[in-house]
Amino acid sequence: MNDGQLPAPEESMHIDPYERQWIRVSIVVLVAFGALVVLASVLFGFGLTGDHAGVDPATVTESGPFAEPGLREIEPGKYEAYIVAQTFAFIPSTLTVPVGAEVTFHVTSVDVQHGFILKDTNVNMQVVPGEVSILTTTFDQAGTYHYICSEYCGIGHHAMFGSLTVEEQP
Ligand code: CUA
């Protein structure tokens with residue numbers, strides 16, 4: 001039998017041949033996914049939205065555009081919306097623009113990670129303290145578009161929402 005030596009690895013851990021195959025497949029899939037993430041980032045520019053200058057979440061609301069969050073019309077029909085996310089509210093929680101408005105959302109967080117989804121549009125961003133998430137969309141349809149926090153941020157997460165109203169012009 002065994003004369004006091006450790007068993008060879010093959011004896012100590014039996015791996016079924018099928019299981020061994022599936023382990024190999026899993027590793028190949030993981031490597032492929034990792035490679036695709038790198039390719040998407042390098043070739044197609046996928047990544048964090050916004051600029052990467054960075055802001056200080058402790059002081060971002062003291063000066064600059066986030067000191068007075070809200071809408072500004074930068075030229076006819078074009079708006080910038082500066083929105084501060086904090087537990088558990090968006091500031092401001094209501095916005096109103098006319099039909100046809102092109103709105104660039106700038107969203108930052110002063111505390112923890114939040115999310116910003118604007119229903120019925122393609123706006124869906126992570127909101128990370130220290131970063132400004134930026135996306136632009138155009139509103140061709142009148143109506144109310146709710147924005148909600150899409151990252152669990154604490155006990156009041158479910159109460160974190162606001163709404164953007166797109167008004168028909170007379
Ligand atoms: Cu903020 Cu969930």
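Is cysteine 153 buried or exposed? Select cysteine 153: the residue is buried, with a relative accessible area of 12%. Here buried means under 20% relative accessible area, exposed over 50%, and partly exposed in between (1.4 Å probe, protein chains only). Cysteine 149 is likewise buried, at 7%. The count of disulfides (pairs of cysteine sulfur atoms within 2.5 Å) comes to zero.

The model is predicted: local features need pLDDT of at least 70, and side-chain atom pairs count only at pLDDT 80 or more, whereas totals for chains, interfaces and linings use all residues. Residues are numbered from 1 along each chain as its sequence is written, and side-chain values use heavy atoms, with hydrogens and water left out.

**The helix**

Select residues 17–44, which form helix α2. Helices (H or I, at least four residues) and strands (E, at least two) are DSSP runs, numbered from the N terminus. Helix α2 has 28 residues and spans 39 Å from its first C-alpha to its last, close to the expected 40 Å; the expected span is 1.5 Å times one less than the number of residues. At the start of α2, display the side chain of aspartate 16, of which an oxygen reaches to within 2.9 Å of the backbone nitrogen of tyrosine 18. After α2 comes glycine 45, with a positive phi near 70 degrees.

**The hairpin and its salt bridge**

Two strands pair if DSSP finds at least two bridges between them. Glutamate 75 stands opposite lysine 78 in β2. Two residues lie between the strands of this hairpin, and glycine 77 has a positive phi near 85 degrees.

A salt bridge is a side-chain nitrogen of Lys or Arg within 4 Å of a carboxyl oxygen of Asp or Glu. Lysine 78 lies in β2 and glutamate 102 in β5, so the pair ties together parts that are 24 residues apart in sequence. Lysine 78 is partly exposed, at 31% relative accessible area, and glutamate 102 is partly exposed, at 26%. A search of the whole structure finds one salt bridge.

**The nonpolar cores**

Select Phe105, Phe116, Phe139 and Leu164, the residues with the most contacts inside the largest nonpolar core, which has 24 residues. Among the elements that give two or more residues to this core are β5 (102–109), β6 (114–118) and β10 (161–167). Strand β2 gives the most, with four residues. Apart from this core lies another, of five residues, including Val60, Phe66, Tyr82 and Val84. A nonpolar core is a set of buried Ala, Val, Leu, Ile, Met, Phe, Trp, Tyr and Cys residues joined through side-chain atoms within 4.5 Å.

**Backbone details**

Most residues other than glycine have a negative phi, and most peptide bonds are trans. Select threonine 87 and phenylalanine 88, joined by a cis peptide bond with omega about 0 degrees; phenylalanine 88 is in the loop between β2 and β3 (89–91). The bond from isoleucine 91 to proline 92 is cis, with omega near -5 degrees, and proline 92 is in the loop between β3 and β4. End at aspartate 120, in the loop between β6 and β7. Aspartate 120 has a positive phi near 65 degrees and is exposed, with a relative accessible area of 70%.

Definitions and conventions
Polar contact = N/O pair within 3.5 Å; in protein donor to acceptor, adjacent residues only side chain to side chain.
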